[in-house]
Amino acid sequence: MAVKEGEVDRYLFWVDRVSTWTGKAFGWLVVVLAFFVSWDVLARKFFDAPLAWAYDGSYILYGTIFMMAGAYTLARNAHVRGDIFYTNWPVRTQAAVDLLLYLLFFFPGIIFLVWGGIDFAELSWRVQERSTTTSGGPPVYQFKTVLPIAAVFLLAQGVVETIRAALALRSGVWPRRLGDVEETETKLAQQEQL
Amino acid sequence: MSPEALGMLMLFLLVFTILIGFPTAFTLMALGVIFGVIGFGSVDIARDLLVQRTYTLMRNDVLVAIPLFLFMGYMIERSGVLDRLFYSLQVVVGPMNGALALATLFTGTIFATATGIVGASVALLGVLALPAMLRARYQPAFASGVVTASGTLGILIPPSVLLILYGFVAGVSVPRLYAGAFLPGLMLSGLYLVYIIGRAYLQPNVAPALAKELRQHVTVPHALWLLLTGFLPIAVLIGAVLASILVGLATPSEAAALGGVAAIGLAAAYRRLTWQNLKESVFLTARTSAMVGWLLVGSGMFASVFARLGGAQLIGDFVVRLGLNEVGFFWLAQAIIFFLGWPLEWTEITIIFLPLFLPLLEPFNIDPLFFGIMTALNQQTSFLSPPVAMSAYYLKGVAPTLLLNQIFRGMYPFLAIQVLAMGVLWLFPALATWLPDVVYGVIGER
């Protein structure tokens, strides 16, 4: 980071970093998921000893991965968007559209998710809910808590993106965002440009 | 405003905001919430609906296969298998006309099958196979066409993520879909093969035989060794993953998990299991899974509010009033999917727009499995149809000296073949329905 960061930038990067770190940390669960399911398959087919919580465990890992990586994906601007017009607009138009649409179309949904999710998880904790797919299934209240937590991370990242749009509207330049790994096609294309 | 009018306004706003380019997942979610509050006249109902829809998607057992297949794909992509595959196949096909193009097609088919990631397949082939073909004095347009077409096969040939998503939204079993897509996928690859051989035979200057000084001189044992190390491991890996799904030995998620572990092993065997490669695979998997997962969350909320407002019913009535027969409706739907492929990505089409058609399949007596396979074939064309053709841009990204026009020109014959394949599938639906019926039995007979 050669460029001197202003106060605002520092706050924005800090949230980027928290989102990114969280998303990546939970991303490692995919390796856990792969070994967990493989282990269950082998134990079941060859040793006739299935894991008791295999079914619940696999969706719990899946749900946690994608929910918790939501904010990280937003921080990298990697949520799918129809961009045929958008990419060709000048920065200020992009920023104005983003700013307006974040206020109109981002916060209503996410705030409802945070708010509803807290009640949802709280009820589950109160009854110490367990999965009913098998008798003596694993507890699910921790898993249900992932919902409001992931929504809170998204909310914070959304605030950051809104501020970025406001900054870009004023300055005409998109503020920098934190970079990390790129898809192979992007990486190869960048190498080719050098 | 009547509920139906609200539903229509909702659909209009959706199309409008998607085209403007706001992240689709959140647009869908917010439209669902806003119109839910207005339409149901209750904040609590809308809020609880959103939470319930989200949790339903978090605990879905079909979707578990998505991050696992993505991880397997990213890992295989980084294992260096493509280089070995291409080199070993190149040695095997020898110096004949169009040999490199055939090696590219085989490499692309196997690699795309294993990874299912279009962008990476095209870019990697563009870095490896394209320069090899250009050095051998292939016509650049033809070479680009081969690379872009071979790299896009992965979204159709199982195990494809597209078919998992379709199975999820249409309620069709994913293994049945995989069995159904198998023959059409092979047919498409076969048609490409016929075209490449034919063109190289008729116009040797387009894809000339390798010049003497470019030929690899290898002994027979060495060639066998190359095949054993370059071709066999990946072929066995992907063959085992597919076969175990098709014979019902494992669910798609289980096969994907085993495939992911095997991919780690493959990378280790090729000495590519570095911390960097593992990290990249994990992070990209997390990001892509989140992209798909949150799109499903947004779409789930949107669709349930839209249906409750009577929007789905309204679309149904509208289509009925068009007075189409089965064939008319089928192709109208396919045409809409084709054109949606211009501004949108296949994830958005599958998750957001296909559910609008699906309730109409039953009244029109269309097999959802057959419709799904045709749709997958159709969505492949959007990667090759200019001016948006993503494949062309992936290739241009890694081969800046090529002109976009050259790439487009090379893609047209393959696009024509894709359209031809759709026609053949329409005339012979058994291509898609025969294998699933043989493997899993005819629905209703069990």
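Colleague: Leaving aside neighbours within four places in sequence, which residues is Ser391(B) in contact with?

Modeller: This is a predicted model, where local features need pLDDT of at least 70, side-chain atom pairs count only at pLDDT 80 or more, and totals for chains, interfaces and linings use all residues. Residues are numbered from 1 along each chain as its sequence is written, chains are lettered from A and ligands numbered from 1 in the order written, and side-chain values use heavy atoms, without hydrogens and water. Contact means heavy atoms within 4.5 Å. With neighbours up to four places away set aside, Ser391(B) contacts Val118(B), Val122(B), Thr148(B), Thr152(B), Phe383(B) and Leu384(B).

Colleague: Is Ser391(B) buried or exposed?

Modeller: Ser391(B) sits in helix H18 (residues 390-398) of chain B. Helices are DSSP runs of H or I, at least four residues, numbered from the N terminus. Buried means under 20% relative accessible area, exposed over 50%, partly exposed in between (1.4 Å probe, protein chains only). Ser391(B) has 0% relative accessibility, so it counts as buried.

Colleague: How far is the backbone oxygen of Phe383(B) from a polar atom of the side chain of Ser391(B)?

Modeller: Phe383(B) is among the residues that Ser391(B) touches. From the backbone oxygen of Phe383(B) to a polar side-chain atom of Ser391(B), the distance is 3.3 Å.

Colleague: Is Gln418(B) buried or exposed?

Modeller: Gln418(B) belongs to helix H19 (residues 404-427) of chain B. Its contacts beyond four places in sequence are Leu188(B), Tyr192(B), Gln380(B), Thr381(B) and Leu384(B). The relative accessibility of Gln418(B) is 0%, so the residue is buried.

Colleague: How many of the 34 residues of H13(B) are buried?

Modeller: Take the length first. At 1.5 Å a residue, H13(B) should span 50 Å, and its end C-alpha atoms are 49 Å apart, which agrees. The expected span is 1.5 Å times one less than the number of residues. H13(B) is largely enclosed by the rest of the structure, because the buried residues number 28 of the 34.

Colleague: How much area do chain B and chain A bury between them?

Modeller: The contact takes 79 residues from chain B and 72 residues from chain A. Buried area is the accessible area (1.4 Å probe) that two parts lose on being put together, summed over both. Carbon and sulfur atoms carry 75% of it, and the total is about 6700 Å².

Colleague: Which residue of chain B forms a salt bridge with Arg44(A)?

Modeller: A salt bridge is a side-chain nitrogen of Lys or Arg within 4 Å of a carboxyl oxygen of Asp or Glu. Across the interface of chain B and chain A there are two. In the one with Arg44(A), the closest N and O atoms are 2.7 Å apart, and the partner is Glu254(B).

Methods
Helices (H or I, at least four residues) and strands (E, at least two) are DSSP runs, numbered from the N terminus. A polar contact is a pair of N or O atoms within 3.5 Å; within protein, one must be able to donate a hydrogen and the other to accept it, and residues adjacent in sequence count only if both atoms are side-chain atoms.
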